[in-house]
Each structure stands twice: as structure tokens, then as C-alpha cells.
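Me: I would like to go through a structure by question and answer. Please show it first.

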Amino acid sequence: MTSRIAALFILIALFPRHAAAAVARAPPAHHVSRAITSKAGLGWANGAANDITQYLSTGKVQWYYTWSPDPVQTDIEFVPMLWGLKQTDEWDSNINKTIAAQHVTSVLGFNEPEIEGQGNLSPADGATQWKAHIEPLKGLNVRLGAPAPSGSPTGKQWVTDWLSACDGGCTVDFMPLHWYDVNSTAFIEYLEDYHNTFQKPIWVTEWACQNFNQADRQCSLDDIVGFMNATQSFMDSTDWVERYAWFGAMENLQGVNQENALMSTSGSITSLGEQYIGAATPNVTSDYQPGVVHGGSGVSAPSATQASSSSESRQAILWQVVTFGTLASLFLCS
Ligand SMILES: *[C@@H]1O[C@H](CO)[C@@H](O)[C@H](O)[C@H]1NC(C)=O
Ligand SMILES: *[C@@H]1O[C@H](CO)[C@@H](O)[C@H](O)[C@H]1NC(C)=O
Ligand SMILES: *[C@@H]1O[C@H](CO)[C@@H](O)[C@H](O)[C@H]1NC(C)=O
Ligand SMILES: *[C@@H]1O[C@H](CO)[C@@H](O)[C@H](O)[C@H]1NC(C)=O
């Protein structure tokens, strides 16, 4: 496809798991409270296949989510997610035990519910399912995160319609969202608009410097270094942003520009990963300017076939390409 074709690429998330919370309700007395003092987290879809401790050396990363109800073996705070309806049986059977055993303070609702290959729920079904599976957890003193939409306009609209369908019956303590694009000022404006609209604390549970509108106009690593610094600095200094998790800490970013990886293809932390966790001063080049579209350096997005191998069997991704009204979607399972 040529760059002249107005193509809308809606990526997106993985079938696996992960997320976090900053202001917890008072936990039950028998819980060991681990107060979060930093917003940075990891979307960790790798299970035990990769070493998570590489990301914990500075203490800046204090939580993780796995796009699922299942934790991994680590000391940082786990945030379970009910990704979609295929997880509801497991969720209902295990979530109360997980909340107690993992000292969970927050849970995440559906992943990109407006996307067919992701959460895939109408706002009305989303409200019904929320009331059945998530709302009851209020009784366990956990904070509830709304469904996390993609950054497309239909995402925010879905959340608006879902809140109407809830008719006051869905307790939302904070609002997760995803965002992929190449302009750090536009990212900040998007967060401000989302916050102004819903008046709730924000968690950014996926973001990266990724161009889904023009596949052959991706950010270079230098662009990403500046973009990450600008966006992460903004969130670190903005009190209504409670937590965030970059996309991503995995060997294969599954269709997202691989320069965004916090992990090398052999599983070790990258220099961008060192920046993310605060182990290295951001090496921002002097020509980086927030508010300028970064990308166009000729880095092509990996093709769908390149994106198909991955380290964990449960990982899967939807890569949707909408072109001139034609929708093709590939569901890739590793
Ligand atoms: C989990 O806890 C909630 C809140 O107390 C409760 O409504 C629900 O029945 C519990 N689920 C199970 C399977 O025990
Ligand atoms: C980047 O986003 C900002 C905020 O929306 C906008 O004012 C600016 O024009 C954008 N830059 C480009 C090059 O499109
Ligand atoms: C990182 O971004 C912040 C906020 O825009 C800026 O003040 C700071 O100078 C940037 N750091 C570097 C090393 O450029
Ligand atoms: C910082 O980035 C520039 C431009 O990519 C590179 O030439 C330089 O080696 C980097 N410096 C360090 C300390 O990584």
C-alpha cells in the first residue's frame, strides 16, 4: 500500500495482560500495603519467559499488568485485567483469591472494547458484563478501572456510551486509555481532553511513538527517545495521571514499530528501557521538538508475518487494516 492511500491502521493490543493504581482505598488490615510512589509500570505479556527484574533495578517501575487475570512471579504490584468475555469464567473463579494473595489494589476492565478482535463489546453489553463481573469487587476494597479504549475517536465514544448504558451502576475510580501516534503535544492534548470529559484520574496502559496512518512513516529511535521523554515527563508531573505503561516490554512488538521496544529480541533491556526506568538520562537530540510530527525517517512497520512469532503461547494480537472501506484483519497467535 502506498503512503498516498489514506489507510487507517488500528492496532492493537495483545491477548495477554497487565496495569496499576496510585491512590488506593484503605486495604483490609491483613493486607501488606505497598504504596505506589511512582507511576511507571509494565505491560508484561511474557510470563516467566523473560527476566522482569531487569526493569526493577531503579524502583521506578512499581506495578505491572498482563492483559489477563494471571500474575507472574515478581514483587511489584499486580493489576488484574478482565480483557474480554473469554476470560470471565477464569475471572469469576479466581479473582477474589488473586486480590487477596497479590494484595491487589486496582483492577482493569475490558481491553479496547470497541475493537472486534479485542474486547469486542457493545456499550450495552459492556455495562451488563461490568455489573456482573467487575462491580461486585468494590466490596473487596479495590479500585475499578473503566474499559480501556483505543485512541481512535470511536474509542472515547464507546466509553461515553458505556457510561450512559451503565446508568449510574458502574463505579469508575480511574480511566485507562491507549494512544498511538507520533506527536507528543497531541498526546498531552488527548489526555487533557479525556480528563476534562470524564473528570477521573487517567491511566495510560498502552502508548508508543507509532504511526498507524502511514505505515512507512515511523519514528526513528531518536524520535522515540524525545517522544518518550516528553510524554513521560508530562505524566510524571501531572497529578491526575496516576499510572502509565509503555508499549512495550516484549521481544516482538507485534506490528508496532520495533524501535519502541524496551526489550531486545533476545530478551534484555534496551537503552530505551533504561531511559524508561530512569536508569539513564534521556539522550534527547537537540532537534527534538514537542508538537512536531516525528516519523518519516523511513522506518517501516514490521509486516504482519514478521510480527507473528512471540515468546508466549497465550499472546495474540489483532492487526486491523481499514483501507477504502475494506477491512482486513489478521489474528495472529504465537
Ligand atoms: C468475590 O467477592 C465479591 C465481593 O465480596 C462477592 O460478591 C463475590 O460473590 C465473591 N466471589 C466468589 C466466587 O466468592
Ligand atoms: C501536533 O499536535 C499539536 C496539538 O494538537 C498541534 O497543534 C500541532 O499542529 C501538531 N503538529 C503537527 C506537525 O501536526
Ligand atoms: C524531557 O522533557 C522535559 C519536558 O518536556 C524537558 O523539560 C526536558 O528538558 C527533557 N529532557 C531532555 C534531556 O531533553
Ligand atoms: C545519543 O544519541 C546520539 C544520536 O542518536 C548518538 O549519536 C549518541 O551516541 C547517543 N549518546 C549516548 C550516550 O548514548
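This is a predicted model: local features need pLDDT of at least 70, side-chain atom pairs count only at pLDDT 80 or more; totals for chains, interfaces and linings use all residues.

Reply: Residues are numbered from 1 along each chain as its sequence is written, chains are lettered from A and ligands numbered from 1 in the order in which they are written, and side-chain values use heavy atoms, leaving out hydrogens and water.

Me: How far is an oxygen atom of ligand 3 from an N or O atom in the side chain of N229?

Reply: Ligand 3 is surrounded by N229, S233, P282 and V284, each with a heavy atom within 4 Å of it. A polar side-chain atom of S233 lies 3.5 Å from an oxygen atom of ligand 3. For the side chain of N229, the distance from its N or O atom to a ligand 3 oxygen is 2.3 Å.

Me: Which backbone oxygen does the side chain of N46 reach?

Reply: N46 sits in the loop between β2 (40-43) and β3 (63-65); strands are DSSP runs of E, at least two residues, numbered from the N terminus. N46 is buried, at a relative accessible area of 0%, where buried means under 20% with a 1.4 Å probe and protein chains only. At 2.8 Å, its side chain reaches the backbone oxygen of A249.

Me: Which residue of β9 stands opposite L42?

Reply: Three bridges join β2 to β9 (residues 241-246), and the two run parallel; strands pair if DSSP finds at least two bridges between them. The residue in β9 opposite L42 is W246.

How values were computed. A polar contact is a pair of N or O atoms within 3.5 Å; within protein, one must be able to donate a hydrogen and the other to accept it, and residues adjacent in sequence count only if both atoms are side-chain atoms. Helices (H or I, at least four residues) and strands (E, at least two) are DSSP runs, numbered from the N terminus. Buried means under 20% relative accessible area, exposed over 50%, partly exposed in between (1.4 Å probe, protein chains only).
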